[in-house]
Amino acid sequence: MPDNNKKTIIFSDFDGSFSEKDIGHRIFRYFSNGEILPLVEQWKRGEISSRECLRREAAMIHPTYDEIYEFLLDFRLADGAVEFYRTIKSLGIPFYIVSDGTDIYIDYILRKYDLGEIKYFCNIGKIENRTLSLDFIYDNDGCQRCGCCKGARINDLVGSSRSEWEIIFIGDGLSDICAVPHADIIYARGDLLEYCREHAINAKEYNDFNDILTDLKKSGHITG
Ligand SMILES: [Mg+2]
């Protein structure tokens, strides 16, 4: 049951969560002909930070914007994501995307679905002469792991009024783990679900946003 003294706020990861697939990873994999894969393994083992991983990945690809946009034609948001967003918006529930990905594709995909109004926090990419540079514009409260730390973003937004909020977080991967201690309710799949199970953290398993909408209706967080 929701805590009626608190307001609900929802944060979602983008890649593999709000979007059906991990688009950022697939861009790097495709445009590097798979050469980035050992780097990703190093990142998963915690040997390099995501900033280092992303910088090195960026140096391995040489696309134009148009080539990326063409590649993006194959990608879509997760099932139920649009209806989920429209529903919580109609109820006045704040919703933010927090991502360790890049604005180039997040912005493009959201606009494709006419969801350009959704506020998102991520790293900033720029392509000039087939060179992709990444700007890590957010301060991460000392976190050495992330490019754009999701825990720090949640803290920035609601930290000063934490007790007023019931925080819901939705994610699917290891770049989500800094958000976990900040969330009251976690919807998880993939590596994030595995991480939560390994660490005995309460998380609700989901496949797509239809599941989350159904569950939030059942729990009374969403009415109607
Ligand atoms: Mg993800």
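Reader: Is the crossing of α6 and α10 left-handed or right-handed, and what makes it so?

Author: In this predicted model, the crossing of α6 and α10 is left-handed, because the near helix is turned anticlockwise from the far one by less than a right angle (clockwise would be right-handed). Local features need pLDDT of at least 70, side-chain atom pairs count only at pLDDT 80 or more, and totals for chains, interfaces and linings use all residues of the predicted model. Residues are numbered from 1 along each chain as its sequence is written.

Reader: At what angle do α6 and α10 pack?

Author: Helix α6 (residues 81-90) and helix α10 (residues 209-218) pack at about 35 degrees, their axes 8 Å apart. Axes are fitted to C-alpha atoms over the stretch in contact, with angles from 0 to 180 degrees between N-to-C directions. Helices are DSSP runs of H or I with at least four residues, strands are E runs with at least two, and both are numbered from the N terminus.

Reader: Which residues of α6 and α10 meet?

Author: Ala81, Glu83, Phe84 and Thr87 in α6 meet Phe209, Ile212 and Leu213 in α10; contact requires backbone-placed C-beta atoms within 7 Å.

Reader: What makes β4 and β7 edge strands?

Author: β4 (131-135) and β7 (204-205) each pair on one side only; pairing needs at least two DSSP bridges. The open sheet has the order β4-β3-β2-β1-β5-β6-β7, with mixed pairing. Strand β6 (residues 185-188) is joined to β7 by 2 bridges, so the two strands pair. They run parallel, and Tyr187 stands opposite Lys204 in β7.

Reader: Why is Ile177 called partly exposed?

Author: Ile177 has 19 other C-beta atoms within 10 Å; 20 or more would be buried and 12 or fewer exposed, so a count in between is partly exposed. Ile177 is in the loop between β5 (165-171) and β6.

Terms used
Contact = placed C-beta atoms within 7 Å.
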